[in-house]
Amino acid sequence: MKTEGGTTEQKRRAGEAAAAHVEDGMVVGLGTGSTAAHAIRALGSTVDGGCEIHGVATSFASKMLAREVGIPLRSLDTVEELDLTIDGADQVVTETGACIKGGGAAHAREKIVASISSELFIVADPSKVTETLDRSVPIEVLPAARTSVTAALTKHGGTATLREATKKDGPVVTDNGNFVLDCSFGAIGGPRSLGETLSSIPGVVEHGLFTGLATAVYVGTAKDVTCYEIDR
Ligand SMILES: O=C[C@H](O)[C@H](O)[C@H](O)COP(=O)(O)O
């Protein structure tokens with residue numbers, strides 16, 4: 001599992017602080033990645049303690065971890081709404097909650113789950129916090145559209161690279177059977193409008209720019225956690 005950047009302790013504090021808000025009866029979106037995994041483990045302990053919740057996984061990885069720690073699951077294709085989702089980010093602006101996600105190629109399902117959640121808590125370590133988003137944006141594409149989408153991204157000022165797998169020959173294949181283009185735009189001044197542009201390109205399944213979704217950002221440090229509440 002990807003662990004670049006912050007320390008395990010920072011991630012654990014953020015994940016556990018967010019998980020502490022889960023209450024009996026909630027349906028909870030389970031994010032993907034090394035930081036969200038700490039929240040999933042904390043929720044497993046809550047279930048062990050008698051709290052009755054259901055989880056909705058955003059990836060095969062989070063589904064396996066949720067099963068391992070005993071969280072009862074509902075399938076994403078059966079739910080209309082969720083109470084709360086806890087998820088990580090590759091980069092986040094704490095003032096607005098805008099973030100880049102998809103370092104683990106899970107952003108398509110993550111965005112569906114976030115979009116139907118009353119609350120979205122982003123959990124992060126300090127290395128993820130920025131004033132301006134400027135990392136590459138992961139873009140999930142239909143395999144047949146990788147060349148046409150790459151050309152469209154170039155026209156929009158981006159430089160796209162097909163994400164290669166590390167322990168398999170060829171490209172990364174997402175849980176949905178698609179490819180991922182990592183597209184650099186430099187500093188992103190208007191993430192919402194860039195997101196709308198990306199969504200309009202035929203063949204794009206989903207992009208990793210999340211705007212207007214987060215309701216709080218939890219940033220864990222070595223000693224404590226800071227919570228930034230977002231007015232969305
Ligand atoms: O596709 C993966 C997700 O968007 C992750 O939530 C994101 O990459 C952050 O992961 P991590 O907490 O491991 O840095």
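These questions and answers walk through a predicted model.

Visitor: How are residues numbered, and which pLDDT do local features need?
Guide: Residues are numbered from 1 along each chain as its sequence is written. In this predicted model, totals for chains, interfaces and linings use all residues, side-chain atom pairs count only at pLDDT 80 or more, and local features need pLDDT of at least 70.

Visitor: Into which domains is the protein divided?
Guide: The bounds come from an automatic or database domain assignment. The protein is split into domain 1 (8–130 + 211–229) and domain 2 (137–206).

Visitor: Which element gives the largest share of the side of domain 1 that touches domain 2?
Guide: Two residues are in contact if their C-beta atoms, placed from the backbone, lie within 7 Å. Domain 1 brings 14 residues to the contact and domain 2 brings 13 residues. Helices (H or I, at least four residues) and strands (E, at least two) are DSSP runs, numbered from the N terminus. On the side of domain 1, the largest share is 4 residues, from H4.

Visitor: How many residues of H4 are buried?
Guide: A residue is buried if 20 or more other C-beta atoms lie within 10 Å of its own, exposed if 12 or fewer, and partly exposed in between; C-beta atoms are placed from the backbone. Helix H4 spans residues 107–115 and is mostly covered. Its buried residues include His107 and Val113.

Visitor: Why is H1 largely enclosed by the rest of the structure?
Guide: The buried residues of H1 pack against helix H2 (34–48) and strands E3 (82–87), E6 (117–124), E12 (216–220) and E13 (225–229). Among those buried are Gln10, Arg12 and Ala17. H1 is largely enclosed because its buried residues number 9 of the 12.

Visitor: Is Arg163 buried or exposed?
Guide: Arg163 sits in the loop between strand E8 (159–162) and strand E9 (179–184). Not counting residues up to four places away in sequence, Arg163 touches Pro171, Val172, Val180 and Asp182. Because Arg163 has 21 C-beta neighbours inside 10 Å, it counts as buried.

Visitor: Which element gives the largest share of the shell around the ligand?
Guide: A residue is near a molecule or strand if its C-beta atom, placed from the backbone, lies within 6 Å of it. Of the 19 residues around the ligand, Gly33, Thr35, Gly88, Gly103 and Gly104 come nearest. H2 and H4 are the elements that give two or more residues to this shell. The largest share is 3 residues, from H2.
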